[in-house]
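Here are a few friendly notes to read alongside the model. Take them one at a time, and find each residue in the viewer as you go.

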Amino acid sequence: MNARVLLKSLSMPIALALIVAFFALREPAFLGARNLTQLIIEFSIIGTLALGMFMILLTGQIDLSVGSGVGLIGGIAAVLVFHEGWSAPAAMGAGLVAALVLWALMGTLIVKQRIPSFIITLGGLLIFKGIFWKVISSATVPVSRGDEENLFSLLTTYYLPANIGLGLAFATSLVLGWLVWRAREKRIDYRLPVNSTGRETLFWVVKSAAIFGLVVVCNNFRGVPLSLLILGATGVVVYFLTKHTPFGRYLYAIGGNEEAAVLSGIAVNRVMIGAYVLMGVTVAITGFMSTAYIGSSTTTVGDLLELDAIAACVIGGTALKGGRGTVLGVLFGALIMTALLNGMGLLGVEPEIKYIARGLVLVLAVWLDVKLSRS
């Protein structure tokens with residue numbers, strides 16, 4: 001591995017380490033169990049939305065409406081629970097259906113009418129924001145009645161018991177080990193080069209130690225938050241879709257060269273509409289978690305989340321022109337964005353400085369994407 005490749009592969013861990021070190025030196029509570037658990041919940045929200053954006057960017061499209069959509073879908077569910085007396089599962093189901101319809105409609109308009117996704121989703125940003133404020137009557141709508149808990153409110157307030165969290169970490173480590181072993185066996189069968197057994201074992205031990213370390217940190221507060229499990233499940237589904245299904249290969253192919261994808265027989269329109277439908281699913285999940293995290297639906301829920309999701313994808317190596325990116329990179333990018341936002345919040349940074357910092361991070365990420373695309 002030459003120095004350029006090594007520096008590129010270590011750039012994200014180095015950036016994250018510098019951000020963590022900076023905030024830890026400025027405010028020691030940044031590394032406290034309570035704040036790290038809160039950071040994990042915020043990471044789950046941004047990460048889930050970024051995974052949906054990842055599939056859109058892979059095709060070379062974009063979605064600027066997801067932030068407003070997060071507020072709208074969460075607001076619909078909150079109104080149905082608090083004002084209409086619906087059960088939380090039914091209200092969330094209605095919100096999910098609304099998201100599927102809206103994003104299927106946007107995807108259809110983009111591919112059937114050949115309207116640029118930038119315009120359609122920019123219009124969606126404004127339309128969804130207006131409908132959102134109408135739905136909640138520009139007021140604060142709690143996610144549950146009184147002090148009672150429901151499935152909606154538990155999304156970001158439920159924590160796994162300590163022993164179950166440790167058991168889950170153990171099971172996850174075993175599954176990781178089995179996947180590594182199976183991938184190695186397949187490469188050997190195809191006579192492809194493989195890492196030495198010692199190196200593979202070392203990587204597995206490091207990953208397992210990181211998982212157990214994460215669980216121990218969470219257990220020092222209240223346990224592993226349910227929102228992290230939701231992010232993990234979403235990540236596994238998106239990884240499987242993009243790496244082990246024809247649909248995922250088509251996403252990469254369309255983003256790499258749409259004309260070639262059409263000539264090779266790929267149903268480009270159907271795949272792109274499917275990507276937007278899946279984006280709607282992640283918007284709904286993020287909307288429920290984001291609203292539950294605040295405890296109520298307010299006019300500010302989802303503000304600028306679209307930029308955080310795009311920045312997370314680009315920081316993680318997803319190309320804005322499509323055809324390049326990984327789930328792990330997106331999650332790492334989301335973690336960097338979350339650490340930055342959480343640290344600024346802990347230090348009490350003024351809102352105007354936060355806007356400037358988020359804008360600079362987005363510009364820097366796009367600049368890096370342009371440099372990588374040229375190289």
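1. In which helix is the place of S44? S44 sits in helix α2. Please keep in mind that this is a predicted model.

2. Next, is S44 buried or exposed? Its relative accessibility is 0%, and buried means under 20%, so S44 counts as buried. Setting aside the residues within four places in sequence, S44 is in contact with S227, L228, L231 and M289.

3. Now widen the view to the nonpolar core. The largest one has 95 residues. Those with the most contacts inside this core are L49, F54, W103, F152, L155, V283 and F288. Helix α2, which covers residues 33–58, gives the most to this core, with 14 residues. Both domain 1 and domain 2 supply at least three residues each to this core. As background, nonpolar side chains tend to be buried together in soluble globular proteins.

4. How is the protein chain divided? Domain 1 takes in 15–161 + 223–374, and domain 2 takes in 162–222. The C-alpha centres of domain 1 and domain 2 lie 27 Å apart. Their contact takes 14 residues from domain 1 and 13 residues from domain 2.

5. Look next at the pair of helices α7 (residues 162–189) and α8 (residues 197–219), whose axes come within 10 Å and cross at roughly 160°. Angles over 145 degrees count as roughly antiparallel, so α7 is roughly antiparallel to α8. The crossing in which α7 passes α8 is right-handed. Residues of α7 in this contact include L166, F170, V180 and R184, while those of α8 include E200, W204, I211 and F212.

6. Finally, follow E200, which lies in helix α8. With 18% relative accessibility, E200 is under the 20% limit and therefore counts as buried. Not counting residues up to four places away in sequence, E200 touches V180, R184 and N195. For a sense of distance, compare E200 with E258: they are 58 residues apart in sequence, and their C-alpha atoms are 37 Å apart in space.

Notes:
Residues numbered from 1 in each chain as written. Predicted model: local features only at pLDDT ≥ 70, side-chain atom pairs only at ≥ 80, totals over all residues. Heavy atoms only, no water. Core = buried A, V, L, I, M, F, W, Y, C linked by side-chain atoms within 4.5 Å. Buried < 20%, exposed > 50% of the residue type's maximum accessible area, 1.4 Å probe, protein only. Helix = DSSP H or I, 4+ residues; strand = E, 2+ residues; numbered from the N terminus. Domains from an automatic or database assignment. Contact = heavy atoms within 4.5 Å. Axes fitted to C-alpha atoms, helices over the stretch in contact; angles between N-to-C directions. Parallel < 35°, antiparallel > 145°, perpendicular 65-115°, else oblique. Left-handed = near helix turned anticlockwise from the far one by under 90°.
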